[in-house]
Structure formats: structure tokens, C-alpha cells
4 protein chains.
Amino acid sequence: MAVRVGVLGATGAVGQRLIQLLDPHPEFEIAALTASASSAGKQYRQAAKWRVDSPIPEDVAEMTVTATDPDEVPDDVDLLFSSLPSSIGAEVEPAFCEAGYVMSSNSSNARMAEDVPLIIPEVNADHLELLEVQRDERGWDGAMVKNPNCSTITFVPTLAALEEFGLERVHVSTLQAVSGAGYDGVTSMEIIDNAIPYIGSEEEKLETESRKLLGEFDGAELSHDSVEVAASCNRISTLDGHLENVWVEAQEELTPEDAADAMEAYPSLDLRSSPDQLIHVFEEPDRPQPRLDRTLGGGMAISAGGFRESTFGLQYNCLAHNTMRGAAGASVLNGELLLENGYL
Amino acid sequence: MAVRVGVLGATGAVGQRLIQLLDPHPEFEIAALTASASSAGKQYRQAAKWRVDSPIPEDVAEMTVTATDPDEVPDDVDLLFSSLPSSIGAEVEPAFCEAGYVMSSNSSNARMAEDVPLIIPEVNADHLELLEVQRDERGWDGAMVKNPNCSTITFVPTLAALEEFGLERVHVSTLQAVSGAGYDGVTSMEIIDNAIPYIGSEEEKLETESRKLLGEFDGAELSHDSVEVAASCNRISTLDGHLENVWVEAQEELTPEDAADAMEAYPSLDLRSSPDQLIHVFEEPDRPQPRLDRTLGGGMAISAGGFRESTFGLQYNCLAHNTMRGAAGASVLNGELLLENGYL
Amino acid sequence: MAVRVGVLGATGAVGQRLIQLLDPHPEFEIAALTASASSAGKQYRQAAKWRVDSPIPEDVAEMTVTATDPDEVPDDVDLLFSSLPSSIGAEVEPAFCEAGYVMSSNSSNARMAEDVPLIIPEVNADHLELLEVQRDERGWDGAMVKNPNCSTITFVPTLAALEEFGLERVHVSTLQAVSGAGYDGVTSMEIIDNAIPYIGSEEEKLETESRKLLGEFDGAELSHDSVEVAASCNRISTLDGHLENVWVEAQEELTPEDAADAMEAYPSLDLRSSPDQLIHVFEEPDRPQPRLDRTLGGGMAISAGGFRESTFGLQYNCLAHNTMRGAAGASVLNGELLLENGYL
Amino acid sequence: MAVRVGVLGATGAVGQRLIQLLDPHPEFEIAALTASASSAGKQYRQAAKWRVDSPIPEDVAEMTVTATDPDEVPDDVDLLFSSLPSSIGAEVEPAFCEAGYVMSSNSSNARMAEDVPLIIPEVNADHLELLEVQRDERGWDGAMVKNPNCSTITFVPTLAALEEFGLERVHVSTLQAVSGAGYDGVTSMEIIDNAIPYIGSEEEKLETESRKLLGEFDGAELSHDSVEVAASCNRISTLDGHLENVWVEAQEELTPEDAADAMEAYPSLDLRSSPDQLIHVFEEPDRPQPRLDRTLGGGMAISAGGFRESTFGLQYNCLAHNTMRGAAGASVLNGELLLENGYL
């Protein structure tokens with residue numbers, strides 16, 4: 001029997017992607033949609049300007065949107081997916097958890113909070129146990145799990161695959177797709193025949209979220225990993241798919257072959273949205289490329305290539321679909337993890 | 001009285017840009033155009049598929065193209081600009097120098113040869129004296145000067161401005177325009193909604209040419225600089241303007257303000273094609289951007305911005321117009337330097 | 001039992017698409033691949049630079065490519081799909097038909113020949129009987145069927161749906177995707193921030209092929225339709241999907257509602273590659289759009305919208321995926337029609 | 001001595017272009033800048049988010065912006081350029097004219113009013129006398145002149161050049177640049193790898209404004225021309241430059257050569273912003289193209305090419321820079337015309 005789920009912030013770009021993924025999902029059943037006060041009471045069809053590349057599901061289209069308020073969401077909803085703007089998320093997400101809801105959230109607020117698990121299931125599923133600490137400390141019946149930022153998700157699995165070599169220093173330069181800024185985030189006049197070497201707060205997210213994801217949870221406390229990360233972020237005129245140039249320096253010797261082998265061998269999980277092969281390794285030096293490789297594994301795989309001995313350590317490139325693996329798909333995957341681990 | 005000049009490889013993309021710059025140039029007069037055997041004997045108008053964004057100069061259009069052979073170029077030509085494909089340049093450029101011609105070449109062959117000055121006038125004009133060594137060793141009446149690769153020219157002036165801080169390690173990630181690959185180098189299907197994390201041999205050029213440019217010439221030998229450079233190169237869908245993300249680690253303390261001040265203060269030259277301000281420093285965190293900033297200083301300025309304390313040292317972004325500052329304009333500037341220093 | 005098929009010109013862009021469609025096709029089995037003499041004898045994997053967005057099928061990758069010569073194709077191959085360049089097609093396609101092969105060809109040669117059926121199955125499947133005339137006149141055991149040009153296929157089904165209103169005059173302006181010119185057909189420097197109001201010979205194809213497709217076959221002769229068509233063709237920077245602005249003037253009154261209803265009601269066929277709904281009609285005035293609507297019906301549907309009473313008659317817009325519905329998919333559909341009608 | 005001018009709506013995209021053109025203009029001196037109430041009282045530097053590709057003029061940057069209210073504009077300002085949103089223009093422009101200001105407006109409101117001259121100086125400068133009627137009827141000391149929509153300006157001069165052939169029917173299909181929608185008008189996700197076959201109210205503007213521009217003024221009344229125009233409008237991913245496909249049917253015989261000759265011969269004016277050659281005719285069939293030809297004549301020339309005998313009459317393509325010739329430059333040109341004709 002399917003778990004009844006709700007989507008907070010259901011009319012936005014990630015909210016629409018969430019609906020696209022959840023509607024056909026055999027383990028979940030969409031039972032609640034929330035949005036801003038101005039949309040409350042409307043049919044979803046009227047409230048959302050549907051922009052996803054598949055038609056709006058008929059049953060969802062006819063659901064009534066409510067305000068983003070715990071009192072408005074039915075009690076038999078067991079799991080919430082949140083894609084609220086972070087300022088609103090910071091305000092209302094805790095209220096839902098206090099009211100007993102379990103939540104898988106894509107919003108950036110609280111990602112770095114000590115008692116909030118920041119999860120990429122294939123990388124640090126064991127951090128989920130931090131929820132015990134969270135419930136103890138906050139007195140919640142519910143629970144809050146976050147997925148990282150899209151640009152973080154792209155490179156952290158490749159670092160995880162190399163962890164055994166004793167990673168010390170990482171430089172990462174990103175070429176990010178316009179969809180990462182939301183539907184209206186980048187105007188055409190800004191980006192045609194252009195690139196923008198700046199995305200507000202993005203570099204800090206790669207630098208800090210990565211260390212939390214690779215950290216150790218000892219049952220009581222989460223210690224961040226010691227790897228040091230420096231990030232430089234760029235927006236380019238691709239629609240979907242973040243491409244990243246990575247340099248790593250490690251304690252152990254780390255050859256291009258070692259790295260490719262370790263990534264190829266890095267295990268995926270058995271969750272429904274997990275790709276068969278988590279990291280797809282290319283031998284061709286000019287891959288991965290956003291348009292050609294972003295949909296590997298249904299948009300949930302990472303791809304890597306261009307392994308080369310660098311002046312300092314090793315360099316390679318990696319890629320992931322930013323609105324699938326990096327946002328809506330990441331939240332759904334975390335929902336599946338919560339289900340498998342008995343939190344619902 | 002204007003110096004009579006010739007263009008080797010006059011029908012190609014950089015050759016056309018050279019003609020566009022040289023035709024109105026008060027110090028130079030175009031007196032010879034060479035191309036492949038199949039074009040020899042034709043009027044330039046017929047031989048070249050003119051693709052530059054200003055009309056073909058009438059007088060040049062009616063000149064007759066000759067084969068790329070020293071015997072075909074008039075003796076009263078004093079200076080040659082070469083934009084030959086590197087494989088052809090490697091073959092025929094020395095023959096011209098042996099025949100007594102002074103040459104400013106954009107071709108990549110011989111850039112790293114010990115006795116060939118690789119010059120960015122504002123950075124290492126003193127390396128020009130290496131020509132004495134060159135003439136001694138090769139027994140040439142002529143001389144050969146090279147300008148570096150377009151992606152190298154973009155970031156080396158910013159490193160030169162920081163040299164006093166004792167640069168040790170540099171990481172650079174490039175977002176390069178399609179024009180850098182020549183008119184037919186990148187197909188539309190490769191680059192629309194896409195980026196390519198690979199440009200053949202490009203990374204090595206940034207890593208080695210930069211050290212030669214920053215090296216010391218002691219009157220007899222040129223020693224390369226000790227700074228270590230790691231590069232990662234990407235092609236994106238901009239028409240002109242290479243954007244680069246740079247991280248530098250130095251012996252001395254180097255703050256974002258220090259770096260911006262040093263670049264702002266870095267002197268330009270009085271050569272005709274030199275920009276008034278060599279490095280244009282932006283305070284706005286999202287600049288420079290290719291489309292907005294590539295034509296600063298008539299396409300001959302470098303721009304820099306996004307200075308930020310990084311996890312390791314300092315990071316910033318820089319930009320230059322790749323076919324102007326990075327290719328044809330670079331060769332013309334070197335020609336002006338040769339003239340000023342009495343080599344013509 | 002699957003029909004054994006061959007692909008002539010298998011290494012080109014349309015050839016690769018054909019392989020992508022034919023490999024999983026339950027009615028066809030790829031048994032021969034031909035290409036130019038320089039590829040003959042090589043494994044397909046080596047001969048083709050695979051550029052399609054799904055991996056190269058393993059079994060096809062290991063097949064040996066032969067020259068495009070009837071003697072090199074096994075006799076038990078019953079159907080050939082041809083995507084040869086038209087100059088080569090003009091030369092060798094007849095030899096294959098004379099040797100007994102039945103051929104569904106996408107090449108532009110011979111499309112307008114009096115005894116060659118030019119077919120869009122949903123529009124003029126009855127023209128297939130022209131093959132009797134063809135075989136009589138040419139003495140062939142084989143047969144040759146052509147599909148029209150991609151820009152013709154996009155708008156002719158919409159005209160067919162309106163034929164009952166007595167079409168007299170049609171103006172059509174096209175916005176065509178770069179893939180229509182082949183992988184290397186349009187360079188990035190030609191099309192970024194640009195449009196090209198010219199595609200060689202394209203306008204004539206829309207003007208003449210449309211009249212042949214809408215013509216009547218009386219059992220002996222094919223008379224072209226009397227509708228007059230004027231076309232103006234443009235290349236824009238979309239990857240796939242030709243968009244067309246159409247004006248029609250008819251003898252009968254023809255309102256926007258009439259037109260939309262007639263298109264919506266226009267029947268599809270039961271062939272395996274036929275879409276359920278042939279023409280998808282949009283109410284939104286800004287649809288169809290290439291990126292959003294080109295994959296409708298698996299890339300085999302036409303879409304139409306923007307119906308409006310014009311100063312002269314009626315205007316609307318239509319769209320089709322140019323390499324699917326307009327090329328490889330069109331040939332496969334014609335192959336299915338040949339199979340269903342007993343020609344194999 | 002320069003005429004003192006003001007810019008209404010000075011912070012918007014066209015307002016910024018107006019300032020870029022007016023600041024160096026020898027006949028005009030910027031003396032007033034107005035914007036919405038929220039900007040009133042601020043320095044222009046603070047009020048405007050400057051996005052034009054040349055630096056903000058220092059003296060303008062320090063001017064204080066006022067509300068868009070006749071009482072706020074100094075009395076010694078003689079000429080106003082208006083780029084107000086049309087809804088606001090409809091409200092406040094008449095108040096300025098009533099208060100005695102002469103105005104050259106780019107806003108779409110009132111363009112079709114019977115007593116408002118809609119002017120392209122090279123086409124219908126004589127319509128300016130309609131201002132006598134306007135002043136009589138409205139009792140204004142001031143006066144209001146409009147320039148047409150950018151897509152109208154692109155093709156009407158080519159029609160004017162052909163008027164002697166007795167134009168009867170015109171079809172025009174447009175490929176319009178994103179800048180025509182304003183800086184934020186088209187998001188990147190809407191237009192990358194896409195085209196939009198709809199621009200609200202645009203088709204009607206081409207169909208009606210063209211007839212007014214080509215009409216006759218008999219000293220008392222303006223009669224619209226009898227030519228019938230049908231338009232279909234598309235947005236594509238070019239930054240600047242509207243490209244248009246045109247078909248014309250005329251009473252007289254009209255060959256491609258006739259048309260090219262008539263356009264080549266069509267006179268420009270002696271106004272300061274007029275290009276030397278108004279219509280630049282290309283022989284190459286693939287020109288004009290937006291990126292290559294939009295800056296001809298300083299962005300104030302029209303270009304035309306692709307002349308071909310069509311199934312119905314004649315077809316050709318034309319192009320103009322939409323924010324220069326089609327908006328800010330058009331208004332400045334009308335200001336120069338008002339000055340030359342003694343209205344200031």
C-alpha cells in the first residue's frame with residue numbers, strides 16, 4: 001500500500017518535477033499539495049504554471065492546493081517533500097516536523113544544522129541515524145532530512161569513491177545549467193553568447209556541504225571530514241546538467257586508472273530511484289558532456305571522465321542532471337531511504 | 001613611412017583578423033599575402049571566404065595571393081605575420097627567417113624552443129633580446145618571435161601582476177569561446193545546450209607557456225619560472241572571449257584587495273595597440289563576463305574580478321578577447337614591439 | 001519472423017538514427033550495413049563516429065560494413081533503407097532496385113520522378129500502387145519508395161487535413177533546426193546569436209513535393225494537386241524540430257475552429273511507428289514550440305496551434321521532429337507500409 | 001546651441017539606449033530624467049540598473065531622477081523622448097503635451113490615433129504636418145510624434161521603396177530578437193534550443209501601423225494605404241536584430257532585379273542619425289543575417305536580400321537592429337526631424 005505524501009511548495013519548478021516523479025511512483029501517493037496563500041483554495045491546474053516537459057497528471061491537476069500550514073495537511077499524510085524557498089522553509093519546515101510529519105527537503109535552510117542529516121543515500125545513508133539525536137533534542141515526532149545543493153551532489157559521490165586514498169585538497173570549478181536558477185532565474189539576455197562567473201552563495205555550499213556529507217557519525221555526533229574544498233562557480237547556457245572540473249590531492253598515490261576504477265566500482269543502492277551504475281566512467285577524453293550524458297540512469301547517474309595526472313595530484317570532470325539527481329530526484333531518493341529504514 | 005608587411009596564411013580566420021587590424025594600421029602597409037598552393041595566383045577576394053564582421057578592405061581584396069614560399073614574397077617586405085597551421089608553420093617558418101625576414105607568429109610550433117622569444121609585450125618585453133641568441137645559433141638574418149596561445153594570454157598578465165607575492169601554485173579552469181577553434185572548429189550540434197570539457201593539447205599550453213613567459217632571461221639563457229600551473233579546459237557556446245577561473249597560492253600574504261590593487265596598477269605600454277589600462281578590475285562579483293567585457297580596450301585589455309579569499313590562497317576570474325588580445329592582436333602588438341626595438 | 005533489412009549510408013547522421021530505430025524494431029532485423037569504399041571491411045563501431053544520444057547497439061557495432069554495391073548485400077535481405085547523399089543515391093539506388101531489392105529511401109534524388117511514389121503513409125498511402133507503373137516501366141523486380149524532405153513532412157499533413165475546404169494558396173515560412181543539415185552542416189559560429197534566411201534548394205522542395213503528395217493517382221498516372229505553395233526557409237539555432245508559419249486560402253469558408261477540428265480529427269494509421277494522434281492541436285497561442293513539443297508521439301506526431309483568422313484566409317503554426325518524423329522515422333514508416341501491403 | 005531634452009522612463013532598457021545615444025549627441029543636451037515614483041529623488045546611477053554595453057556617462061549618472069510628472073520637468077526643456085510602458089504612456093504623455101512639451105515617443109499607446117503622426121522620417125516625413133491638426137483639435141502647445149513598433153520599422157522602408165509598383169498584398173513572417181521584449185522579457189529556459197511562434201499583439205501592429213505609415217496626408221486628414229498585410233511573428237534566440245521574410249504581390253510586374261534596384265535607390269535623409277545608405281542590398285542569397293548585418297549604418301540601416309520570384313509575386317528578406325533603428329534610434333531620429341522642421 002502506497003505511502004500518502006505531500007508536496008510543500010508544489011507550484012514551483014522543483015515542486016513540479018517532484019510531482020512528475022511522484023505521480024507514477026508505486027510506493028508513494030500524492031495526497032496533499034501546498035503553496036503560498038495566494039494559491040490556496042485553487043485547483044492545482046490553476047495555481048501552477050505547468051512547465052515540465054510531460055503533461056500535467058490529470059488527478060493531480062484537479063487536487064485543491066492548500067496553504068503551507070501543518071493544520072491544512074491531512075493527518076494521514078506520512079511523508080512530506082519540501083521544495084520551499086529557503087527563507088520560507090526556515091520558517092515553516094520545523095512546524096511540520098513538530099506536528100509529526102517526516103520530511104525530505106530540498107530547501108537550503110538548515111542543511112548545515114548539527115542535528116539535521118544531509119544525505120546522498122549512496123554516500124552516507126548511515127547519517128540517517130542522526131534523526132535520533134534530532135528527535136531527542138527537538139522533541140519532534142516528525143523528522144527532517146535534507147539533500148544537498150545540486151552542484152554539491154554532482155561531485156561528492158566521486159570524492160566518496162576516492163576517500164580510501166586519503167583526500168586532502170580539492171579544487172572544483174563548475175559550469176552550471178540555467179535550470180538550477182529556477183524557470184525565471186536567468187534571462188536570455190544575460191546568457192546568450194555569455195557566461196556568468198558568479199552564483200550567489202554557491203561556492204560556500206560546495207565547500208561546506210561536501211565535508212558534512214563525507215563526515216563520520218559516531219552515534220552521537222557528526223564530525224565533518226577533513227578534506228579541504230575550494231570552489232569556483234559559473235553559469236553557462238546549458239538547460240540541464242552541471243559539469244564540474246575537479247582536482248584532487250591525496251595522501252596515497254592516486255593514478256587516473258585508480259580513480260576510474262574506484263568510481264566504476266563504487267556501489268549503487270537498491271532503492272527504486274537508484275541507477276544501476278552510480279558513476280558512469282567514460283574513456284573518451286571529451287566526456288561527460290551535459291547534453292549527451294545528463295539523462296544516464298534516468299537522470300539519476302553521475303558521470304565522470306577526463307582522468308589525467310595533473311601538476312598537482314589528479315584531475316577529472318564529472319556531471320549530473322541538476323534538477324533530477326541534484327534536486328527533485330534527490331529528495332525522492334531520500335524519501336525512499338526513509339521508507340526503507342522504517343521512518344514512515 | 002610605413003613598414004611593408006606580409007601575412008602568411010592570409011585566408012584563414014586569424015589571417016583575416018590580421019588583415020582587418022593591419023589595413024588601417026599607420027605603421028604597417030600590407031604588401032604580401034600568402035596561402036596554400038591552391039590559392040596561389042588568385043585575387044585575395046577569390047581566395048578567401050571573408051568572414052570578419054567588417055567589409056573586406058578594397059585594396060587588399062585586389063591583391064594577388066602567392067604560395068607560402070620565401071621566393072614568392074617581395075624582398076622589400078620587412079615584417080611577416082604568420083597565422084599558419086602549426087604543422088605547416090613548423091615546416092616553412094624557419095625558411096623565411098633564414099631568408100632574412102623578421103616574423104611575428106601566432107602559430108603554436110616552436111613556442112617552447114629555447115631560443116625563440118615567446119612574448120606578451122607588457123609582461124616580458126625583455127625576452128626579445130633572446131633574438132641575439134637565436135641569430136647566433138641559427139645563423140639567421142631574420143628573426144622569429146611568437147605570441148602564446150589565446151588561453152595563456154588571458155591569465156598570464158594577471159599572474160605577472162602578482163609575481164611580487166611569490167607565486168607558488170596556480171589552478172586555472174577555462175571557459176573558452178568557439179572562435180578559438182577557427183570558423184569551422186566547433187559544429188552547432190556539438191555546442192548548443194552543451195559544453196565540452198576537453199580541448200586537445202590546450203591544458204599543456206597553459207601549464208608550460210605561462211612558466212616561460214614569467215621566466216628570467218640573463219642575457220644568455222632563459223630560465224622558466226618556478227610557479228606550478230594546473231589547467232582544465234572547457235569549450236562553451238560563447239562566440240568570443242575566454243573566461244578563466246584562477247586560484248593562486250603565494251609565499252607572501254595575498255588578500256583580495258592586494259590582488260585587485262596590483263592588477264589595477266600593472267602598467268600598460270605605449271605601443272599603438274596597447275590598451276590604456278591593461279587589466280581592468282571589476283568590483284561587481286559577477287564580472288567580467290564574455291559578452292559584456294571582451295571589447296574593453298578595443299579588445300586588447302584583460303579584465304579581472306571576483307576576487308575572494310579561497311580555501312587555499314586567493315581566487316579570481318579573468319577574461320580576454322581570444323581572437324584579438326589572444327591571437328591577431330597579440331601578433332600585431334609583437335610586430336609593434338619589434339619595430340620599436342629596432343629589429344626592422 | 002523479422003524481415004531482414006539493410007541500411008545504405010549507415011555511418012551518416014540519418015543512417016545512425018535508422019539503426020537506432022531499426023535495432024529494437026520487432027518486424028525488422030538489421031542484416032547489412034553499407035558505406036563509402038573507405039569504410040568497407042571495417043567493423044561498424046570503427047567506421048561510424050556514433051553521435052546518437054543512446055549507446056550504439058552491441059550487435060550492430062560488431063557488424064562488418066560493406067561497400068554500397070548490390071553485389072555486397074546478402075540476397076536474403078528483403079528491404080533496404082537508404083540515407084545516401086543524393087548525388088550518390090542518384091547513382092546507385094536504381095542498381096539496387098534493378099537487382100531486386102525493395103527500398104525505402106530518404107535521399108532527395110528521384111523524389112519528383114513520375115513513377116516514384118513519394119509517401120507520407122497517413123496522407124497518401126494509395127500512391128504506393130504507383131509501384132506497379134514503376135516496375136512495368138523500369139523492368140525492376142525491386143521497388144523504390146521515397147519519403148519527402150523534412151520541412152515538407154512538417155506541413156503537408158496539416159494541408160491534407162484541410163483539403164476538403166478546397167485549398168488554393170499556401171504561404172509557408174520555416175524555422176528549421178540545425179540537425180536538418182547533418183552533424184557538421186552548420187558551424188557554431190554561423191548560428192550562435194544568429195539566423196540564416198537561406199537553405200539551398202529547400203524552398204523548391206516544399207513547393208513541389210507538397211503538390212505531388214496531395215495529388216491523385218488514377219491507377220495509371222499521378223496528377224499533382226492544384227494548390228499553389230510559396231515557401232521561405234530559415235535556419236535557426238534549435239537542435240531538433242522544424243517550426244513553420246502557414247497561411248492558407250481556400251475556396252470554402254475556413255475558420256480557425258474548422259481548421260483545428262479538421263486537424264484533430266485527421267486519422268493516424270495502425271502502423272507500428274504511427275503515433276496514436278497524428279496531429280496534436282494546441283489551444284495555447286504560443287504552441288507548438290520545438291523544445292517542448294518535438295517528441296510528441298515518440299517524435300512521430302505533428303503538432304499545430306496558433307490558429308487565427310488572417311488578413312488573407314487562415315494562419316497557423318505547425319511543428320515536427322525533423323530527424324524522426326522528417327527523416328529516419330519517415331523511412332521506417334514507409335518500410336512498415338511496404339510490409340503491410342505485401343511488397344516484401 | 002544644443003536643445004535641452006528630457007527622457008521619460010529613463011531607467012528602462014530603451015531609456016538607457018536613449019541616454020547612450022543622446023549623451024554624445026551634438027544637437028541635444030540631457031536636462032531631465034524621469035522614472036517611477038520609487039526612483040524619484042535618487043541619483044540616476046542608483047535608480048537605473050545600467051545594462052548597456054558602454055559605460056554609464058558620468059554626468060548623466062549624477063543627475064537626479066524625478067517623477068514622471070510635467071511639474072517636475074524644468075520649463076527650459078524643449079523636447080522629450082518617451083519610452084514609458086504603454087499603459088503609463090497612455091496616462092501621462094498627453095499631460096506633458098498639454099503642458100507645452102514637444103515629444104518623440106516610442107511607446108505603443110496612441111500610435112494609431114487619427115491626429116498623431118506615426119513617423120519613419122525617410123518614409124513619411126510629410127505626415128509631420130498632421131501636428132497642425134493635432135494642435136488644433138487638442139488645444140496643445142506641445143506636440144506628440146510616435147515611431148512605430150520595431151518589427152514594423154524593419155519592413156516598411158522596403159515596402160515604401162516598392163510602392164511605385166502598386167503593392168496589393170503582403171505576407172510577412174518575423175524572426176525577432178529577445179531584446180525586443182526588454183531585458184527580462186524572455187527567460188533563458190524559454191528560448192535556449194527553442195523558438196516561440198507568438199508575440200502578444202505584435203502581428204496586429206505590423207498589419208495596421210504599416211498602412212498608416214504608407215498612407216497619404218492631404219493637409220487635413222490621413223488616409224491609410226490600401227495595401228493589405230498579413231503577419232506571423234516568432235521569437236528566436238538572437239540578442240539583437242529582427243529578421244523578416246516578406247512576400248509582396250503588386251499590380252505592376254515586379255522582378256527581383258526591379259525590387260533590389262528600387263531599394264538600393266531609395267533615398268536616405270540628411271538627419272544626423274540617418275545612415276548614408278538607408279537600405280543595404282545584398283547579392284548573397286543567405287544575407288542579411290542578424291549578427292553580421294544588424295550594425296550596418298551604425299545600427300540605423302535596413303538591409304535586404306534573398307530576392308526571388310515567388311509562386312505569388314516576389315519574396316525577399318529584410319533586417320534591422322530592433323533596439324537601435326527599431327526603438328531608441330527611431331525616437332532620436334524623429335527628434336532630429338522635429339528640430340529640422342522648426343517644431344522646437
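**Cavities and the D–C interface**

Visitor: Which residues lie nearest the centre of the largest cavity?
Guide: Ser237(A), Ser237(B), Ser237(C), Ile192(D) and Ser237(D) lie nearest its centre, out of 15 residues that line the largest cavity. Keep in mind that this is a predicted model.

Visitor: What's the lining of the largest cavity like by class?
Guide: Seven of the lining residues are nonpolar, four are polar and four are charged.

Visitor: And how much space lies in there?
Guide: About 190 Å³ for the largest cavity. A search of the whole structure turns up five cavities of 30 Å³ or more.

Visitor: OK, switching topic. How many residues of chain D are in contact with chain C?
Guide: On the chain D side it's 48 residues, and they are in contact with 47 residues of chain C.

Visitor: What area is buried between chain D and chain C?
Guide: About 3,800 Å², with carbon and sulfur atoms giving 51% of that.

Visitor: How many salt bridges across that interface?
Guide: The rule finds eight between chain D and chain C. One of them joins the side chains of Glu207(D) and Arg308(C), at 3.1 Å, N to O.

Visitor: And how many residue pairs in polar contact?
Guide: There are 35 across the interface of chain D and chain C, counting pairs with both residues at pLDDT 80 or more.

Visitor: Which parts of chain D supply the side that touches chain C?
Guide: Several elements give at least two residues each, including α9 (202–213), β10 (228–235) and β11 (242–250). By class, that side of chain D has 21 nonpolar, 13 polar and 14 charged residues.

Key. Residues numbered from 1 in each chain as written. Chains lettered and ligands numbered in written order. Predicted model: local features only at pLDDT ≥ 70, side-chain atom pairs only at ≥ 80, totals over all residues. Heavy atoms only, no water. 1 Å grid on protein atoms, 1.4 Å probe; cavity = no way out; pocket = protein on both sides within 12 Å on 5 of 7 lines; lining within 4 Å. Points joined across faces, edges and corners; volume = space filled by probe spheres on them. Nonpolar A, V, L, I, M, F, W, Y, C, P; charged D, E, K, R; others polar. Contact = heavy atoms within 4.5 Å. Buried area = accessible area lost by both parts, 1.4 Å probe. Salt bridge = Lys/Arg side-chain N within 4 Å of Asp/Glu carboxyl O. Polar contact = N/O pair within 3.5 Å; in protein donor to acceptor, adjacent residues only side chain to side chain. Helix = DSSP H or I, 4+ residues; strand = E, 2+ residues; numbered from the N terminus.
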